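User: Could you walk me through this one? I'd like to start with the backbone and then move on to the packing.

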Amino acid sequence: MLKGSKVGLRARHEDDIPILRAELYDDVVNASRAEGRPWRPITPGSKDSRLVVDDSEQRLVPFSVVELDGGTLVGTATLWGIDNHNRSAHIGLGLLPSCRGKGYGTDVVAVLCHYGFVVRGLQRLQIETLSDNAAMLRSAERNGFVREGVLRSSAWVMGEFLDQVLLGLLAQEWKPASKG
Ligand SMILES: CC(C)(COP(=O)(O)OP(=O)(O)OC[C@H]1O[C@@H](n2cnc3c(N)ncnc32)[C@H](O)[C@@H]1OP(=O)(O)O)[C@@H](O)C(=O)NCCC(=O)NCCS
């Protein structure tokens with residue numbers, strides 16, 4: 001398990017799946033804001049890639065996020081679009097509604113940076129998020145990500161086009177916390 005100061009990132013467990021489906025992906029607004037594709041229900045038992053991990057997929061590393069204190073599941077974190085030639089990847093995360101606003105998101109970004117830069121030897125990490133997602137923007141900026149641009153009207157979300165902010169962090173800019 002990868003450890004931050006508050007959360008750990010570990011493999012997806014079977015028991016995580018019904019919780020993530022009910023609390024993250026069955027919520028149409030949450031799922032529509034967090035994913036760049038239309039919401040559709042996930043059938044129980046299906047091998048949907050948001051829930052069931054395919055370990056042979058080289059460009060995508062999904063984690064379940066747990067509290068270090070007690071091990072309770074609090075969300076998901078993903079390193080995706082891993083490009084070993086350009087040594088870059090994207091990061092994404094989603095916390096269960098009851099687990100937001102407690103500093104976990106900032107800590108998850110820190111742990112994903114450690115995984116990307118130290119474990120995987122990447123040079124650049126990137127985040128795209130809706131321009132009104134203050135908590136995600138702040139979680140990224142607290143870890144040193146800089147705003148590189150606005151992707152105007154790039155996301156169709158619940159009946160309207162929204163802007164996304166593109167943020168990037170280079171390995172040489174990253175300042176790891178004492179744990180990470
Ligand atoms: C985005 C998300 C991962 C952030 O994680 P979090 O644990 O809620 O964020 P934190 O508690 O670490 O807060 C980070 C910062 O944002 C601020 N913040 C938190 N919630 C906020 C809100 N609703 N509005 C404005 N600021 C907020 C915090 O005060 C903190 O700022 P500080 O460091 O100056 O104190 C989480 O809210 C979430 O899962 N949201 C839904 C899914 C999502 O949007 N995923 C991202 C898709 S790209």
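**Backbone and packing**

Analyst: This is a predicted model. Arginine 87 counts as partly exposed, because it has 15 C-beta neighbours inside 10 Å, and its phi is near 55 degrees, a positive value in a residue other than glycine.

User: Where is arginine 87 found?

Analyst: Arginine 87 sits in the loop between strand 4 and strand 5 (88-95).

User: And serine 153, buried or exposed?

Analyst: Serine 153 is exposed, since 11 other C-beta atoms lie within 10 Å and the cut-off for exposed is 12 or fewer. Serine 153 belongs to strand 7 (residues 146-157) and, although not a glycine, has a positive phi of about 45 degrees.

User: Switching to helix 4, which residues are buried there?

Analyst: In helix 4 (residues 134-142), the buried residues are Met136, Ser139 and Ala140. Seen down the axis of helix 4, they fall within an arc of 95 degrees, so they line one face of the helix.

User: What do the buried residues of helix 4 pack against?

Analyst: They pack against helix 3 (104-119), strand 6 (124-130) and strand 8 (160-170). Just after helix 4, glycine 144 adopts a positive phi of about 100 degrees.

User: How many bridges join strand 3 to strand 4?

Analyst: Seven bridges join strand 3 to strand 4 (residues 73-83), and the two run antiparallel, with valine 66 partnered by leucine 73 in strand 4. They form a hairpin with five residues between them, and glycine 70 in the turn has a positive phi of about 105 degrees.

User: What about strand 2 and strand 3?

Analyst: Strand 2 (residues 7-10) pairs with strand 3 (residues 60-67) in the antiparallel sense over four bridges, and the bridge partner of valine 7 in strand 3 is glutamate 67.

Methods: Residues are numbered from 1 along each chain as its sequence is written. This is a predicted model: local features need pLDDT of at least 70, side-chain atom pairs count only at pLDDT 80 or more; totals for chains, interfaces and linings use all residues. Two strands pair if DSSP finds at least two bridges between them. A residue is buried if 20 or more other C-beta atoms lie within 10 Å of its own, exposed if 12 or fewer, and partly exposed in between; C-beta atoms are placed from the backbone. The arc is that of the directions from the helix axis to the C-beta atoms. Two residues are in contact if their C-beta atoms, placed from the backbone, lie within 7 Å.
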